[in-house]
Every structure is written in C-alpha cells, then in structure tokens.
Amino acid sequence: MQLEWTHSAEDFAAHAAARVVACLARKPGAAVALPTGTTPIGLYDRLLALAATEQTDLRRGRYFNLDEYVGVPPEDAHSFAAFLRRHFIDRAGLDPAQVRLLRGDASDINAEAAAHDAAVAALGGLDLAILGLGGNGHIAFNEPGADWNSGTHVVPLTEETRAANQAYFADGYVVPSHGLTMGIGMLRRAKTVLLMVSGAAKAEALGMLLAESPDPAWPVTALCGHPDLIVVADSALRPT
Ligand code: PGA
C-alpha cells in the first residue's frame, strides 16, 4: 500500500490526478472506473485543467461508472450517470463510445450488470479503479458483509448510506432503496486501485484499512494486500 497524506483540497486532488495521468500515459485504452460523491469532484476539476493544458489526454481512457441507483434512468439528474456527465464526461468532451454508464432503469437489471462486467472484461479488466470510501467502510455500493468475490450486482442500500447520500438532494428527492454496483471481486482485480479518503466521517474506516486486517464487516479491508493500492488521504485523518 502506498499512502499519500495530503494537506489541502488542492494537494489531495493533485495527488490523485497524478495517478490517473500516469495510468493513462502507461496504457492507451486503459479501463478506468469512476466514483461519484463529494470526494472526487476536485480530482475531476484537476484532470480537466491538465487536459486543457495538454498535460494529459483524457481520450486515452475508457470509462465506467462504479455504481448507480436502481430504478433511476441515466437521463435523470439524480442518477450517478448524470453526476459523472456533469462533473467529468461532458466537460472532457469524451466520445460516448469511450464511456459505459450503468442503466439503473434497465428492464432486466441482472442482464445490465452482466453487460457491464462483459464490457470491462473485453478490455482485459479494470486498469484503474478510483474509489471513495463510506463512513461504514463501503467501497462503491459494497456494504458491510458484502461478498468479496462478486462482479456487478444489485444490493440493498444501508440506512447509513441512504442518509449520507440524501445530503446531495436538496430538492427532497428520496434516495432509492437499491443500488447496482461493481462488486469487490472485480475491484480487487483492478491492476491499480486509487482510494481517495477525505472527511472526518471516514477516520474509522481508514483506520481499519491501515490495520491491514481483512474483515468482511469493513468492505474496504478487502483491498488489504492488493499489489498496487494507492491511498490518497487528507492528513487530518492521520492516526496520531
Ligand atoms: P463522499 O462519498 O465522497 O460523498 O464522501 C464516498 C462514498 O460514500 O463512497
């Protein structure tokens, strides 16, 4: 595990962006899984700034979302697909052929999950999984007790996660009860995992990862022992 403590929001975004840039430089056509949430917004801004000054070429990547709400069409502004288009995909001017976003409203949700896995597998698996971290240790929508060998699948969301995500919906929209998520098995097989950890609510979950003792009650600990795990964390979370 490579641990990078960062001292400002700019520094946090710059460290994470440097890892994405390195991955794209290393492998044209790299398969990259993208997170939503507050944590990666600065990363997306930073990547767009680097692309604007030709310090990276974002068109080299192939992008997938990590997760989505079940029942929510990608056109709906509350969807994760819409979040990623707003913060990254549309602003980067990516060709739709470079991007696969889960359809939360697919009539056959299991077939949609299988299609996401097949699209990733066709590229030889994920080259880079960019992850945020939930206060309960979740990665993507893999909640405590999740199977550590799964591919993309449907999960019920915990009340904790639904409450945390409700904060994004100032319009009173109610967070759906289920999510569709890349599974831990697939994330663990990513050649590089970039875990971004910011915010006091993540301290306990980060501590569990740093203890390097795998525990299904803390999904993030499934990453213990990964051969290329990079953790970019806010220095306020540094254990004393
Ligand atoms: P956050 O969410 O970036 O909004 O803190 C992270 C997560 O729950 O995965």
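Five elements each supply at least two residues to the lining of the largest pocket: α1 (9–26), α2 (41–52), β4 (67–69), α3 (80–92) and α5 (159–166). With four residues, α5 gives the most. All of this comes from a predicted model.

**The pocket**

The volume of the largest pocket is about 850 Å³. Its lining is made of 43 residues. Closest to the pocket centre are T36, G37, T38, T39 and Y168. By type, the lining holds 19 nonpolar, 18 polar and six charged residues.

**The ligand in its place**

What takes up the space of the largest pocket? The ligand does. Around the ligand stand G37, T38, T39, G132, L133, G134, H138, Y168 and K202. This shell splits into two nonpolar, six polar and one charged residue.

Which side chains bring an N or O atom close to a ligand oxygen? The table lists T39, H138 and K202.

| Side chain | Distance from its N or O atom to a ligand oxygen |
|---|---|
| T39 | 2.4 Å |
| K202 | 2.6 Å |
| H138 | 2.7 Å |

How much of the ligand does the protein cover? On its own, the ligand has 280 Å² of accessible area, and the protein covers 80% of that.

**Putting it together**

Terms used. Residues are numbered from 1 along each chain as its sequence is written. This is a predicted model: local features need pLDDT of at least 70, side-chain atom pairs count only at pLDDT 80 or more; totals for chains, interfaces and linings use all residues. Side-chain values use heavy atoms; hydrogens and water are left out. A residue is near a molecule or strand if one of its heavy atoms lies within 4 Å of it. A polar contact is a pair of N or O atoms within 3.5 Å; within protein, one must be able to donate a hydrogen and the other to accept it, and residues adjacent in sequence count only if both atoms are side-chain atoms. Accessible areas come from the Shrake-Rupley method with a 1.4 Å probe; for residues, only the protein chains shown count as cover. On a 1 Å grid over the protein atoms alone, a cavity is a set of points where a 1.4 Å probe fits but cannot get out, and a pocket is an open set with protein on both sides within 12 Å along at least five of seven lines; lining residues have an atom within 4 Å of a point. A molecule sits in a cavity or pocket if more than half of its atoms lie within 2 Å of its grid points. Ala, Val, Leu, Ile, Met, Phe, Trp, Tyr, Cys and Pro count as nonpolar, Asp, Glu, Lys and Arg as charged, and the others, Gly among them, as polar. Grid points are joined across faces, edges and corners, and a volume is the space filled by probe spheres set on the points.
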